Amino acid sequence: MTSVEQRTQQYLARVEAENPKLNAYLEVFSDALGRAKRVDEHLASGEELPLAGQVIAVKDNILIEGKIASAGSKILSNYVAAYDATVIKKLRAAGAIFLGRTNLDEFAMGSSTENSAFGPSKNPHDLERVPGGSSGGSAAAVAADLCTAALGSDTGGSVRQPASFCGVVGVKPTYGAVSRYGLIALASSLDQIGLLAKTVGEAETIFKVIVGGDQMDATSFYPSAANRPRAKDKMTIGVPWHFLREGVGDEVEENFKESLEKLKAHGYEIVEIELPNIKYSLACYYIIMPAEASANLARYDGMRYGLHVEGENLLGDYLATRGEGFGRETKRRIILGTYVLSSGYHDAYYNKATVVRELIKNDFAMVFKKVDAIALPTTPTAAFHLGEKATDPLAMYLADIFTVPANIAGTPAISVPSGKNSEGLPLGLQLVAPWWGEDIIFKIGKDFERAIS
Amino acid sequence: MARLARVSLTSEEEKALTEDLEAILTYVDELKKAPVIDFGQGRPVLKNVWREDENAESSKAEGEHYKVKKILG
């Protein structure tokens with residue numbers, strides 16, 4: 001059996017060879033080998049470590065004490081984390097090795113990693129195409145076998161969409177299931193730390209280590225097994241066909257239908273469902289997310305963190321630091337968020353969006369009385385070309401149309417590879433379960449993997 | 001609005017962002033078509049899990065004002 005140290009060494013060699021063309025990692029940690037050696041020593045002394053041998057890549061908006069956490073932004077390019085995120089602590093205690101930090105769209109705002117201040121990552125299946133985003137570096141690293149699994153964060157699809165584009169498994173847990181302590185905040189009522197892995201089983205193993213309530217995150221909570229929706233032997237999966245008509249590509253639709261046939265052949269019952277307000281999810285998202293982002297990003301004022309640019313007076317310092325430190329998409333969302341929260345517009349936009357959010361949640365709650373899970377394609381198309389949508393923000397936002405509803409509702413969701421299109425690009429099947437129903441999507445996901453292999 | 005958001009913009013950025021924001025705001029206007037539903041107790045909101053704010057300076061209250069250290073000379 002290879003030791004953790006040897007395994008880490010192999011991955012380091014792979015990263016050195018492959019990363020220059022992918023730009024998946026922003027930094028590889030020099031202490032990874034030393035830590036691997038210590039894990040080997042623990043194992044030799046008889047300790048049981050559930051994640052020994054996992055060599056994990058960490059999205060660069062999750063804090064590791066003593067390491068830079070840039071969030072893909074110029075404004076934090078020299079920011080060194082002062083403490084470990086709760087997920088980092090839990091993974092380390094379980095024997096996982098952190099190989100490095102991965103690229104992302106600035107502050108996790110984007111669907112392609114093209115918004116990173118450190119250049120885009122590339123899709124390992126086609127270097128001319130994006131890996132998706134915002135956890136694009138993590139997805140590319142898993143797909144190219146530059147790690148065993150990776151951490152990401154999912155605010156509107158940022159784990160599932162790149163997982164689908166890169167042909168790997170992506171899990172967004174129930175809102176609150178995994179502590180957000182130490183995650184650089186984008187939109188706090190939507191953000192959730194998630195996982196990218198090669199198989200559903202592997203994602204489940206890691207999920208079990210990071211799940212659970214945490215004193216450092218008042219929104220975190222996970223009920224006991226008896227109080228969670230259970231995975232049954234016979235399950236029913238609902239498909240909101242009406243929502244798919246909103247603009248899904250032909251090949252994606254065909255692949256999705258084939259996926260449903262495979263689930264049917266595996267004993268699942270497939271039924272049509274209606275989620276009358278799901279069509280408002282993306283509009284709702286593009287009010288709530290920027291509103292929260294504009295508040296969360298107010299802390300980058302040139303005083304407390306990272307970059308500082310001198311202005312004529314204090315206000316000048318703020319304007320200049322933020323003007324220079326933030327990229328185009330970040331500015332766009334901060335200004336949009338400031339606008340929808342401003343006096344006179346607050347009711348029409350932000351308050352309206354919070355009401356519609358409840359309608360969408362209610363739609364899900366009603367449907368989950370009839371079905372155990374919901375199936376959707378993860379994305380409307382396969383990975384697009386670099387630059388294809390870079391100048392049209394709305395077109396870029398639409399890449400998240402099928403992933404955003406789970407964030408708005410707070411439900412868990414998974415993207416599982418479902419084959420490739422005619423150009424050889426991966427596609428993904430998305431499964432959404434009721435709140436705290438991770439066990440359900442893991443079971444269906446594993447059955448689906450078996451069905452397509 | 002950019003000033004309120006404390007972000008300086010170049011004139012080129014200002015032009016591009018104005019167009020982008022118009023397009024995005026037109027899209028999110030879709031929400032106006034969403035049904036209006038009374039949930040019974042007014043507007044539904046997320047539950048506040050934080051404790052109520054307490055003012056640590058309350059011992060220094062003088063009528064409606066708080067005494068604090070001078071910040072700017």
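Biologist: Why is A:Tyr222 counted as buried in this predicted model?

Modeller: Buried means under 20% relative accessible area. A:Tyr222 has 17% relative accessibility, so A:Tyr222 counts as buried.

Biologist: What makes the pair of A:Phe207 and A:Tyr222 edge-to-face?

Modeller: Ring centres must lie within 6.5 Å to pair, and planes over 60 degrees apart count as edge-to-face. Here the centres are 6.1 Å apart and the planes stand at 80°, so the pair is edge-to-face. A:Phe207 is buried too, with a relative accessible area of 4%.

Biologist: Which parts of chain A does this pair tie together?

Modeller: A:Phe207 lies in helix α6 (residues 200–210), and A:Tyr222 lies in the loop between α6 and β7 (236–239), so the pair ties together parts that are 15 residues apart in sequence.

Biologist: How do you know that A:Tyr285 and A:Tyr286 are edge-to-face?

Modeller: The angle between their planes is 85°, and the cut-off is over 60 degrees. Their rings are 5.0 Å apart, centre to centre. A:Tyr285 is buried, with a relative accessible area of 3%, and A:Tyr286 is buried, with 2%.

Biologist: Why are helices α9(A) and α12(A) called oblique to each other?

Modeller: Helix α9 (residues 281–296) and helix α12 (residues 347–367) of chain A pack at an angle of about 130°, with their axes 9 Å apart. Roughly perpendicular ends at 115 degrees and roughly antiparallel needs over 145. The two helices are therefore oblique.

Biologist: Which residues make the contact?

Modeller: Among them are A:Ile287 and A:Ala291 of α9(A), and A:Ala353 and A:Ile360 of α12(A). By class, the contact has nine nonpolar, two polar and two charged residues.

Definitions and conventions
Residues are numbered from 1 along each chain as its sequence is written. Chains are lettered from A and ligands numbered from 1 in the order in which they are written. This is a predicted model: local features need pLDDT of at least 70, side-chain atom pairs count only at pLDDT 80 or more; totals for chains, interfaces and linings use all residues. Side-chain values use heavy atoms; hydrogens and water are left out. Axes are lines fitted to C-alpha atoms, for helices over the stretch in contact, and angles run from 0 to 180 degrees between N-to-C directions. Helices (H or I, at least four residues) and strands (E, at least two) are DSSP runs, numbered from the N terminus. Angles under 35 degrees count as roughly parallel, over 145 as roughly antiparallel, 65 to 115 as roughly perpendicular and the rest as oblique. Contact means heavy atoms within 4.5 Å. Ala, Val, Leu, Ile, Met, Phe, Trp, Tyr, Cys and Pro count as nonpolar, Asp, Glu, Lys and Arg as charged, and the others, Gly among them, as polar. Rings of Phe, Tyr and Trp (its six-membered ring) pair if their centres lie within 6.5 Å; planes under 30 degrees apart count as stacked, over 60 as edge-to-face and the rest as tilted. Buried means under 20% relative accessible area, exposed over 50%, partly exposed in between (1.4 Å probe, protein chains only).
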